[in-house]
Amino acid sequence: MHDPIAGPVQEWIGNLSPRRPMNRPLTASQVWRMPVLLSVVSAVGLISALLGDGSWDVVSWVALGAQVGVILWYIVCSRSRHLASSGSLP
Amino acid sequence: MTIDSFRRWYWIHKWTSLVCTVFLLLLCLTGLPLVFSDELRLLLGEAVEPPEHAAKAEPVILDTLIKDARSRRPDDSVKFLIRDDDGPAWFVALGDTPAAQENSATFMYDSRTAEFLHAVPQNEGVVNFLFRLHVDMLAGLPGTLFLGVMGLLFVASIVSGVVVYGPFMRKLPFGAVRNDRGPRLHWLDLHNLLGIVTVLWGLVVGITGVVNTLDRPLLGYWQMTEISEMIAPWKDKAMPLSRKPVDEAVRAAESAVPDMAVRFIAFPGTPFAGPYHYMVFMRGDSPLTARLLKPVLVDAETGQVSDSRNLPWYLTLLLISQPLHFGDYGGMPLKILWALLDAIVIVVLWSGLYLWWKKRQQTAEDMMFSDAARGLSPEGRI
C-alpha cells in the first residue's frame with residue numbers, strides 16, 4: 001500500500017546514510033538542510049543552559065552531544081561501507 | 001555561484017585560514033585544559049574548596065576579612081572584595097596601591113566563619129601559565145589584541161569555508177567520507193564533515209573570544225565615560241577623614257536594589273570606584289541575570305548610595321560572551337562537550353593545513369578546483 005509520508009521520510013533517511021558519489025548534482029536545499037538543521041540544534045544547545053539550570057542544562061547536553069554523535073555516525077558508516085566493499089565483511 | 005566568485009571565496013578561505021591556523025592551534029590546545037581550569041586548580045593545589053561543614057553558619061562581617069588581609073600585607077591596599085560564584089567564600093584582592101593593575105595577593109576566606117582558607121598563587125602555576133598563553137601569549141595587551149585579530153580571521157575563514165562548502169558538496173551526499181580514493185580525498189571529506197557540523201559552535205566561540213580580547217579597552221572606556229560621570233560631583237572635595245566599613249556600603253547597596261545580590265566590591269582608590277566611594281556590583285539571581293552586573297556607587301564617608309546605573313550594552317555583551325566562550329555554564333557534561341568540540345576543531349585546523357600542503361605539491365593550478373569542478377554546470381555556474 002502506498003504511504004504518502006514514505007517519500008519525504010525516505011528522502012530524509014537517504015540523507016542519513018551516505019552512499020557513493022552520485023551522478024546527479026544535489027539541489028541547494030539538499031546540500032544545506034543537514035547543516036542548517038544541525039546549526040539550529042547547536043544554537044538551541046548553546047542558549048538553553050544560559051537560560052536555566054536542571055532540565056535546561058540537559059537540553060544543552062543533548063543538543064551539543066548530538067553534534068558529536070552525528071560526526072561519529074558518519075565516520076562509522078563510511079568505515080563499515082569501506083570494509084564491506086573491500087571484502088573484509090561477508 | 002560563478003566560478004570567479006568561487007575562486008575568490010576559496011582564496012579568502014585559504015589565506016584567512018593559513019594566517020591564523022598556527023595561533024588557532026595554540027588557542028585550541030591551551031583552551032582544551034583550560035575548559036577544566038577550576039578542576040585542575042583544585043587538583044594541583046592552586047585552589048581550595050571551603051570545608052563542607054562550618055562550625056558557624058551566619059553571614060560573616062566583611063570588615064573582619066579586610067582587617068585580617070591588611071594584617072597579612074600591612075603595606076598593601078585592598079582593591080576588591082569578591083564573592084565566590086560557586087561556594088561559601090570571599091576573596092580579598094590587594095595591590096601595591098589601590099589603582100595597581102596587578103594584584104600583589106589574593107586571600108580566600110570562608111564566608112560562614114571568616115576563617116582564612118588559602119592564599120591564591122599570583123602569576124604562577126601551570127594553569128596560570130596556560131591561561132596567559134591563551135589570553136596574550138605572555139605579551140600583555142598587545143598580545144591579547146593580536147589574538148583578537150587572529151580570532152577575526154578565524155571567523156572569516158569559517159564564513160568563507162561555509163561558502164565554498166556548497167559547491168564542494170554538489171555531488172556528494174551529506175557526511176560522505178571517501179576511504180578508498182586516497183588520503184587527500186579522505187581528509188578533505190573529514191575536513192568538510194567536521195567543519196560543517198561544528199560550524200555554529202566554532203563561530204560562537206570565535207566571536208565571543210574576540211569580544212573577550214576587548215575586555216580591558218571596554219572597561220577602560222566605561223571607566224573614562226560613565227564612572228567619571230558618576231563621581232564627577234565629588235571631583236573637588238577634600239579626601240574624607242574616615243571611611244565607613246565595607247559592610248555598611250553593602251547594606252546600602254542591598255536596600256537600593258533589593259532583588260539583587262552582591263557580586264564584588266571595588267574599594268576607594270580603584271579605577272572602578274574613584275577616590276571617595278565604594279562601587280558595589282550587584283548581580284541577579286537567575287542563571288542568565290547572575291552573569292549581569294549593576295553597579296551601585298556608595299559614598300565611603302557617609303555610607304549613602306550616591307548613584308546606580310545599568311551596565312552599558314558593550315559590557316553586557318562582554319559578560320554574556322564569557323560563558324559562551326568558556327563553556328562553564330552547564331555543569332561537567334557541558335565542559336566535556338566543550339572539550340570534545342574543541343578537539344574536533346583541532347582536527348579541522350590540522351586537516352586544513354594538511355590539505356593545503358598536499359595541494360602545494362600539485363603543480364597544475366586547475367587541480368585546485370577539481371573537486372568543486374565536478375559540480376559545475378556547462379555555463380560555468382556552480
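Helices and strands here are DSSP runs, numbered from the N terminus. The model is predicted.

**A buried phenylalanine**

B:Phe6 belongs to helix H1 of chain B, residues 3–34. Is B:Phe6 buried or exposed? The cut-off for a buried residue is 20 or more other C-beta atoms within 10 Å. B:Phe6 has 23 such atoms within 10 Å, so B:Phe6 is buried. B:Val164 lies 158 residues away from B:Phe6 along the chain, yet their C-alpha atoms are separated by 6.7 Å.

**Domains of chain B**

Chain B is divided into two parts. Domain 1 takes in 3–38, 130–213 and 330–373, while domain 2 takes in 58–125 and 218–326. Their centres, taken over C-alpha atoms, are 39 Å apart. Six residues of domain 1 of chain B are in contact with six residues of domain 2 of chain B. On the domain 1 side, three of these residues are nonpolar, three are polar and none is charged.

**Strand pairing**

Strand E3 of chain B pairs with strand E2 of chain B and with strand E4 of chain B. The table sets out both pairings.

| Strand pair | Sense | Bridges | A bridge partner pair |
|---|---|---|---|
| E2(B), residues 89–95, and E3(B), residues 105–110 | antiparallel | six | B:Ala89 and B:Asp110 |
| E3(B), residues 105–110, and E4(B), residues 116–120 | antiparallel | four | B:Thr106 and B:Val120 |

E3(B) and E4(B) form a hairpin with five residues between the strands. Which residue in that hairpin takes a positive phi? B:Ala114 does, with phi near 65 degrees.

**A helix pair**

Helix H3 of chain B (residues 62–72) packs against helix H9 of chain B (residues 246–256). The angle is about 145 degrees and the axes are 7 Å apart. H3(B) brings B:Leu62, B:Asp63 and B:Ile66 to the contact. H9(B) brings B:Val246, B:Asp247 and B:Val250. By class, the contact has four nonpolar residues, two charged and no polar.

**Where chain B touches chain A**

How many residues of chain B are in contact with chain A? The count is 35, and they meet 35 residues of chain A. Four helices of chain B each give two or more residues to this side: H6 (183–197), H7 (199–213), H10 (313–326) and H11 (331–361). H11(B) gives the largest share, seven residues. The side of chain B that touches chain A has 25 nonpolar residues, seven polar and three charged.

Note on methods
Residues numbered from 1 in each chain as written. Chains lettered and ligands numbered in written order. Predicted model: local features only at pLDDT ≥ 70, side-chain atom pairs only at ≥ 80, totals over all residues. Buried ≥ 20, exposed ≤ 12 C-beta atoms within 10 Å, placed from the backbone. Pairing = 2+ DSSP bridges. Axes fitted to C-alpha atoms, helices over the stretch in contact; angles between N-to-C directions. Contact = placed C-beta atoms within 7 Å. Nonpolar A, V, L, I, M, F, W, Y, C, P; charged D, E, K, R; others polar. Domains from an automatic or database assignment.
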